[in-house]
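This report walks through one protein chain, from overall build to single residues. The sequence and model come first.

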Amino acid sequence: MTQAYSYAAQSATEPLKPYRFERRDPAADDVQIEILYCGVCHSDLHTARNEWKNTLYPSVPGHEIVGRVTAVGSNVSQFKVGDLAGVGCMVDSCQSCASCAEGEEQYCENGFTGTYNGPVFGGENTLGGYSDSIVVKQQFVLRIAPTDNLAAIAPLLCAGITTYSPLHHWKVGPGMKVGIVGLGGLGHMAVKIAHAMGAHVVLFTTSPNKRDDGLRLGADEVVVSKDAEQMAAKANSLDFILNTVAAPHDLDAFLNLLKRDGTMTLVGAPDSPHPSPNVFGLIFKRRSLAGSLIGGIKETQDMLDFCAKHGIVSDIETIAIQDINEAYERMLKGDVKYRFVIDMASLKKESNAA
Ligand code: NAP
Ligand code: ZN
């Protein structure tokens, strides 16, 4: 076993604090990674504070992990010591059900193992990326091309794939008008990726001061969603909407913006339900309301390659691990441009001193 140093939540109401635990030594199929950076996803906050009512404590969040390989098991052929590597939201799945066979491990019929707080259906509580190392099966480790901006790659491992997957699945491309709702961690990646896919991108934000950023990130238009007149001007005009909002809200306000046969896909996962949509708004225009969960491992590699090809990284604000609790408060206020990424050098320093 190897000692790991981390920041963990010990309960829903306490701030994250230093926590030591043991990681397994790499088995034949395992890759051991020194974590250099980890992005801060809103799901980390939902989990640390038990907002989804399924958190196992102690909880070490973090599933936007990038780092360097420090050891590999005897069966590992894809990675060698010194390589860059990434880990996203999953570290295992059954590998035998129909979804796994199709590379859709996130929909594993036997339940995938989350990078933290998994497996959901009993057993060991996995501990995530707010730590100095992790050991992961090679099938769940992503290749990262050499880069001088590694920190800005980290958010691709969740925010990137969670937005790329539905945009790809619903065939977003040239000639399509696509709405992105919410300019946070997921939303800002969605704007960049939908733009790179060739769509006409309309950003919907509750924050008028994000307008210039929205345009800079790749939106063709920005609509302030609290402004009824601006919203009315977009009625029946969009082919697809990706909704990333982390709080319950009126879905009809956005469903009404879809053309006939349009789809709105939800990726935001608030702790309480949205008000039910108006069924007439759906049936009179044959509109669809859908959901989407992260993305498969092969698709995650495709997304990383797509982003590398298009020069897409996340817009980040690097923080020390000691600032994580303050970062959560800022994230709740929408005060992050546009993803916090923890520099694990701050953790190493504290661990050495402790
Ligand atoms: P985030 O950085 O906090 O961004 C959320 C954005 O939603 C905010 O920046 C804000 O944008 C908007 N917003 C927040 N509260 C709002 C409210 N009350 N009304 C309207 N808009 C509001 O969060 P994130 O990391 O992108 O995550 C977003 C959600 O996706 C979370 O619920 C997270 O758990 C979930 N998630 C799902 C998956 C999946 O697989 N489906 C994967 C990862 C994360 P504006 O200021 O522009 O309005
Ligand atoms: Zn996430």
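For the charge count, Lys and Arg are positive and Asp and Glu are negative, while His and the chain ends are left out. The place of a charge is NZ of Lys, CZ of Arg, CG of Asp or CD of Glu. On that basis the chain carries 31 positive and 40 negative charges, and their mean positions lie 5 Å apart. The model is a predicted one.

## Overall build

The chain holds 12 helices and 17 strands. Its radius of gyration is 20 Å, close to the 20 Å that the globule rule gives for 354 residues, so the chain is as compact as a globular protein of that length. Along the principal axes, the C-alpha atoms fill a box of roughly 60 × 40 × 40 Å.

Of the 354 residues, 55% are buried. The chain exposes about 15,000 Å², and carbon and sulfur atoms supply 52% of that area. Take the contacts with a separation of 6 or more: residues 24 or more positions apart account for 68% of them.

## Salt bridges

How many salt bridges does the structure hold? The count is 18.

| Pair | N to O distance |
|---|---|
| Glu34 and Lys348 | 2.8 Å |
| Glu64 and Arg339 | 2.8 Å |
| Lys192 and Asp315 | 2.6 Å |

Start with Glu34 and Lys348, which form a salt bridge. This pair links distant parts of the chain: Glu34 sits in strand S3 (residues 30–39) and Lys348 in helix H12 (residues 345–353), 314 residues apart. Glu34 has a relative accessibility of 24%, so it counts as partly exposed. Lys348 has a relative accessible area of 45%, so it is partly exposed.

Next come Glu64 and Arg339, whose side chains meet in a salt bridge. Glu64 is at 0%, so it counts as buried. Arg339 is at 3%, so it is buried.

Lys192 lies in helix H5 (residues 185–196), and Asp315 lies in the loop between helix H10 (297–310) and strand S16 (316–320), so the pair ties together parts that are 123 residues apart in sequence. Lys192 is buried, and so is Asp315. Which residues do shared partners join into one network? Salt bridges connect Lys192, Asp213, Arg216, Asp315 and Lys337 in this way.

## A buried strand residue

Val181 belongs to strand S10 (residues 177–181). Its relative accessibility is 3%, so Val181 counts as buried. What does Val181 touch, leaving aside neighbours within four places in sequence? The contacts are Phe204, Ile241, Leu242, Asn243, Thr244, Val245 and Phe254. Leu142 is 39 residues from Val181 along the chain, and the C-alpha atoms of the two are separated by 28 Å.

## Backbone exceptions

Most residues other than glycine have a negative phi, and most peptide bonds are trans. The residues below depart from these patterns.

A cis peptide bond joins Tyr57 and Pro58, with omega about -5°. Pro58 is in the loop between H1 and S4. The peptide bond from Lys337 to Tyr338 is also cis, with omega near -15°. Tyr338 is in the loop between helix H11 (324–332) and S17. Lys337 is also one of the residues in the salt-bridge network.

Asn236 has a positive phi, near 55°. This residue sits in the loop between helix H7 (228–232) and strand S13 (238–243). At 38% relative accessibility, Asn236 counts as partly exposed. Arg286 has a positive phi too, near 50°. Its place is the loop between helix H9 (279–283) and strand S15 (288–291). Arg286 has a relative accessible area of 56%, so it is exposed.

Conventions. Residues are numbered from 1 along each chain as its sequence is written. Chains are lettered from A and ligands numbered from 1 in the order in which they are written. This is a predicted model: local features need pLDDT of at least 70, side-chain atom pairs count only at pLDDT 80 or more; totals for chains, interfaces and linings use all residues. Side-chain values use heavy atoms; hydrogens and water are left out. Helices (H or I, at least four residues) and strands (E, at least two) are DSSP runs, numbered from the N terminus. The radius of gyration is taken over C-alpha atoms; the globule rule is 2.2 Å times the number of residues to the power 0.38. Buried means under 20% relative accessible area, exposed over 50%, partly exposed in between (1.4 Å probe, protein chains only). Contact means heavy atoms within 4.5 Å. Accessible areas come from the Shrake-Rupley method with a 1.4 Å probe; for residues, only the protein chains shown count as cover. A salt bridge is a side-chain nitrogen of Lys or Arg within 4 Å of a carboxyl oxygen of Asp or Glu.
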